[in-house]
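Me: Got a model open here and I'd like to talk through its helix packing. Can you walk me through it?

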Amino acid sequence: MIRVNKVRAGYGDGPDILQGIDLTASGGEIVTILGPNGCGKSTLLKCIAGFVRPRGGAVEMEGRDVSAVPVHEKVKNHRMGFVPQTDNVFSTLTVADNILLGARHLPVAERNERYAELMAQYPSLASKQERKASALSGGERQILSLARALISNPKVLLLDEPSAGLSPLMMHEVFAAIAEIRDRTGMCIVMVEQNAFEALGVADRAYVLSLGKVAIEGRAADLLADPAMRHLYLGGEPPAAEGKPRFAAV
Ligand SMILES: Nc1ncnc2c1ncn2[C@@H]1O[C@H](COP(=O)(O)OP(=O)(O)OP(=O)(O)O)[C@@H](O)[C@H]1O
Ligand SMILES: [Mg+2]
């Protein structure tokens with residue numbers, strides 16, 4: 001579905017932020033992109049989406065070279081949904097208007113049908129349709145930005161840090177919603193994440209970037225079990241399981 005082939009990219013006349021990245025993602029899987037701040041995760045996602053044009057290499061969707069295809073054409077022709085890292089909802093608009101913004105290119109009947117489906121799937125949004133997005137919690141805002149991307153029934157969903165700023169409980173809910181989308185629709189999901197342990201818990205495969213290159217790639221379960229990966233990129237041991245305190249009480 002998506003193939004990133006030796007992609008190099010940067011901004012203006014600055015250096016290459018991405019220095020030859022290879023990545024694939026298929027329908028029915030969640031591929032997560034991990035790595036430290038500033039290593040190029042968002043830049044890679046923006047390259048796939050079409051906000052940043054590669055300086056070298058190619059981005060393919062459904063077997064076609066789409067490196068130079070602008071975002072709005074990918075949304076239409078390859079049914080791509082993109083949720084950016086920041087500013088992903090319009091605070092002054094209502095929940096309903098935020099979602100419908102994602103469906104401007106759809107015929108009215110289809111738009112209404114999809115909207116009704118989403119309201120059935122996400123009751124937390126359905127009960128707040130006429131509220132301003134500014135009145136939502138962080139988790140609700142993330143679900144709202146997902147719903148806006150989902151209204152056009154995408155085949156490819158690109159998510160930049162969907163769990164940013166959420167409490168562990170909310171993070172869990174958002175990841176569960178993303179896994180449910182994969183399982184129900186067979187969508188191809190590429191998700192940049194900062195919360196590596198939790199992202200690996202829900203993803204099928206992962207790429208860890210370091211200094212603009214892929215440092216580690218593999219099945220998420222294998223990466224979680226790999227002591228070197230833990231030590232180098234996941235900051236030590238995983239969080240304690242629920243109910244088991246990490247440190248003994250004094
Ligand atoms: N619009 C831009 N113009 C110039 N440089 C940029 C731009 N966006 C990002 N960069 C630079 O590119 C590098 C990679 O940024 P990017 O946003 O891809 O990192 P990231 O891995 O997503 O980081 P974070 O985890 O903090 O979101 C950084 O050094 C950043 O300063
Ligand atoms: Mg980023």
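Reply: Helix α6 (residues 138–150) and helix α7 (residues 168–185) have axes that come within 9 Å and cross at roughly 15°. Axes are lines fitted to C-alpha atoms over the stretch in contact, with angles from 0 to 180 degrees between N-to-C directions. That makes α6 roughly parallel to α7 (angles under 35 degrees count as such).

Me: Which residues in α6 and α7 meet?

Reply: From α6 you have Gly139, Glu140, Gln142, Ile143, Leu146 and Leu150, and they meet Met170, Val174, Ala177, Ile178 and Ile181 of α7. Contact means heavy atoms within 4.5 Å.

Me: And by class?

Reply: The contact of α6 with α7 has eight nonpolar, two polar and one charged residues. Ala, Val, Leu, Ile, Met, Phe, Trp, Tyr, Cys and Pro count as nonpolar, Asp, Glu, Lys and Arg as charged, and the others, Gly among them, as polar.

Me: Where do these numbers come from?

Reply: It's a predicted model: local features need pLDDT of at least 70, and side-chain atom pairs count only at pLDDT 80 or more, while totals for chains, interfaces and linings use all residues. Residues are numbered from 1 along each chain as its sequence is written, and side-chain values use heavy atoms, with hydrogens and water left out.

Me: Zooming out, how many helices and strands in the protein chain?

Reply: Ten helices and ten strands, taken as DSSP runs (H or I, at least four residues; E, at least two) numbered from the N terminus.

Me: How much of the chain is buried?

Reply: 46% of the 250 residues, where buried means under 20% relative accessible area with a 1.4 Å probe, protein chains only.

Terms used:
Chains lettered and ligands numbered in written order. Parallel < 35°, antiparallel > 145°, perpendicular 65-115°, else oblique. Buried < 20%, exposed > 50% of the residue type's maximum accessible area, 1.4 Å probe, protein only.
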